[in-house]
Amino acid sequence: MSATPTRGQVLKLYKQFMKNARQFNDYNFREYFIRRARIGFKENKDVHDSQKLNTLFKEAQRDLGVLKRQSVLSQMYTFDKLVVEPLIKSHGHSRGL
Amino acid sequence: MFRTTLRAASPIASRAISRPLVAKSAFIGASKFVAPIRFYTAAPVDKKEITSRVIDVIKAFDKTAASSEVTGQTYFHKDLGLDSLDTVELLVAIEEEFDIEIPDKVADDLKSVGETVDYIASNPEAN
Amino acid sequence: MLGRTATTIGCRLSRLSSRSLRNGLLCVATRKYSPPAAAAVELANDLSLETHTDIQAAAREQAESRSAAAGTASEVSNSGTSALQHAYQENTGFGTRPIYLDMQATTPTDPRVLDTMLKFYTGLFGNPHSNTHAYGWETNKEIETARDQIASVINANSREIIFTSGATESNSMAIKGVGRFYKKTKKHIITTRTEHKCVLESARSMINEGFDVTFLNVDENGLVDLKELEASIRPDTCLVSVMAVNNEIGVMQPLEEIGAICRKHKVYFHTDAAQGYGKIPIDVNKMNIDLLSISSHKIYGPKGIGALFVRRRPRVRLDPIISGGGQERGLRSGTLAPALVAGFGEAARLIKQEYPNDIAHINRLSKKLVQGLLAIDHTSLNGSPDHRYPGCVNVSFAYVEGESLLMALRDIALSSGSACTSASLEPSYVLHALGKDDALAHSSIRFGIGRFTTDGEIDYVIKAITERVRFLRELSPLWEMVQEGIDLNSIEWSGH
């Protein structure tokens, strides 16, 4: 079996989730996947059981694959911006939860 | 089964395969396709401006930071209460703002606004 | 020059194997500004891979046809240009596509669902009913996985799930199918006045086949009276059909209690759970549900597919509506659409997995919205405040005409209570059943909140509604009278 993911690996994975989520062209999907990644990683922050960590890590890697493909797709089929979206690129996203 | 192949292919994408892709296309002759626009625009950005842009990103990112004073001496964890995940997320926002990629090794050591600004100023790619 | 460009592109394309093209595109996601990605983006731009929508033109067209249909509404929106323009102008620097708050009509397809579906259009094309080769087997395997995922949301067995084209078909199949199977001995069906049109129409069509149908009334909260329900059951009653969550007002019926009554009297219990599946806890065994209709596109899945849960023990028998090769236990013949089935399955898996997060998010936004809207004078929440699915909020704005309000809210995709009969301006039969008068039924609007709704959107909606309700009321002579303290009921209106 593969070794338990290190803290660095988890943070790296989180970074990938965030980068890909932020690239969704669709406002609602973008906001959702950012929110979902935050919740998902935070709720498992205190998991130390190596077997559980391994399973979670593998699941997250698979989810990241989905996110990568879909954020690319979202950039290929674009729609007008929503009335709540600034036309000039905004910096950062609100963290309101 | 399908999923695995795609997954296996994607990490390679950003490294091995995509690089020769560019080299190849440069030889095809259509130089406008390669268009390394940023090579021409990369004027050095001064530190004062970087600091204010970094602070803007932080304020947009974090509610508590928005109302408190953020300076070059502000520490992400100690002063803003950001945990390691929040810090990663903040650095992603900063990367986007300056069109750069902060290597993981460097990112681990960025603990304050000042350190982040110093790194960006030292990065010739930043704009 | 054109020719040259074309050849260069062709040349480039020929050098890129499909594998590196794919990888190059994936690159866009990970390293947006690195040179290889820039090349890929540029390639994409040259081939115009991007698609754009012209929502403004569509909106204008729609608005024109609507205002032509309802002359009064256009007058209001035209005379109100200054304030409405103000509302738009204030918003310059932002996009133009409306906020989507009509989740009861349909939900956006979750990208994770689409990801599951795409492989059926790129390689897994086998007929799931072909059992002589691997193409059939691999697709069939995916279908059975989906069936398991769909069944597990309601604690059913996967063999009890029959795929259909959607909840409308499921409802028709349940009501007509059960009725026709038992028609020799049992010719009575019980349902309620607030059901979805397709249940009401199916029940009505059974009247033509010689059935008796009881349409139960609901109280002012939209709930059925259990005593009345029990009293309506006759020896020849074959089916009770009561919806889980109402599509207009979001009221949840007491399924467990109804199930117990039906089981006690040995009558089949069908529930239309199009709006409830995965959104409220449903357990077909605990609630003694015998038939349950599901729709995929209400749970962020693809449109064009749904399912009917048909209990095996004790067995529910029904006459199939469609004849053919005997697929789906002979109840629904025809080749399944594997992409839709798998997408539906993934949507079901997600609705179960995400339930705690989704419900917490929707609850919070719903509370915020209700609070914000009820802070406006003379507004009221329709339907029971307690027995409700929070993602459906139906509010009446007294002294405002619902259609005019919708016209003034083109930046928000909403529907009035009368959504299902949107072609006519007839007020909602559901609100009528709750005892609301025509005026109030006319002035009600339904807000649908879902997984992808954000705080920013809800804040925008509260602000926009507050401003525009105030504005429309200022135009209204009725509102003026109310402000002057005239009791509107005391006025004798003269007809023209």
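Is C:Gln104 buried or exposed, judged by the other C-beta atoms within 10 Å? C:Gln104 turns out to be buried, because 27 other C-beta atoms lie within 10 Å (buried takes 20 or more such atoms around a residue's own C-beta, exposed 12 or fewer, partly exposed anything in between, with C-beta atoms placed from the backbone). The model is a predicted one, where local features need pLDDT of at least 70, side-chain atom pairs count only at pLDDT 80 or more, and totals for chains, interfaces and linings use all residues. Residues are numbered from 1 along each chain as its sequence is written, while chains are lettered from A and ligands numbered from 1 in the order in which they are written.

C:Gln104 sits in the loop between β1 (99–100) and α7 (111–122) of chain C; helices (H or I, at least four residues) and strands (E, at least two) are DSSP runs, numbered from the N terminus. Setting aside neighbours within four places in sequence, C:Gln104 touches C:Asn247, C:Gln275, C:Cys392, C:Arg446 and C:Gly448 (contact puts the two C-beta atoms, placed from the backbone, within 7 Å). C:Ile289, by comparison, is 185 residues from C:Gln104 in sequence and 23 Å from it in space, C-alpha to C-alpha.

Now for the domains. Chain C splits into domain 1 (70–97 + 356–490) and domain 2 (111–353), with bounds from an automatic or database domain assignment. Their centres, taken over C-alpha atoms, are 32 Å apart. Domain 1 of chain C puts 19 residues into the contact and domain 2 of chain C puts in 21. On the domain 1 side, β10 (392–397) and α16 (429–433) of chain C are the elements giving two or more residues, and β10(C) gives the most, with 3 residues.

Then there is strand β5 (residues 237–241) of chain C, where 5 of the 5 residues are buried, so the strand is largely enclosed by the rest of the structure. Strand β3 (residues 188–192) of chain C runs parallel to β5(C), joined by 4 bridges (strands pair if DSSP finds at least two bridges between them). C:His188 has C:Thr237 as its bridge partner in β5(C). Another 3 bridges join β5(C) to strand β6 (residues 268–272) of chain C, again in parallel, and C:Leu239 stands opposite C:Tyr268 in β6(C). From β5(C) the chain crosses through helix α12 (residues 255–264) of chain C to β6(C), a right-handed β-α-β crossover (with the strands pointing away from the viewer, the path from the first strand over the helix to the second runs clockwise).
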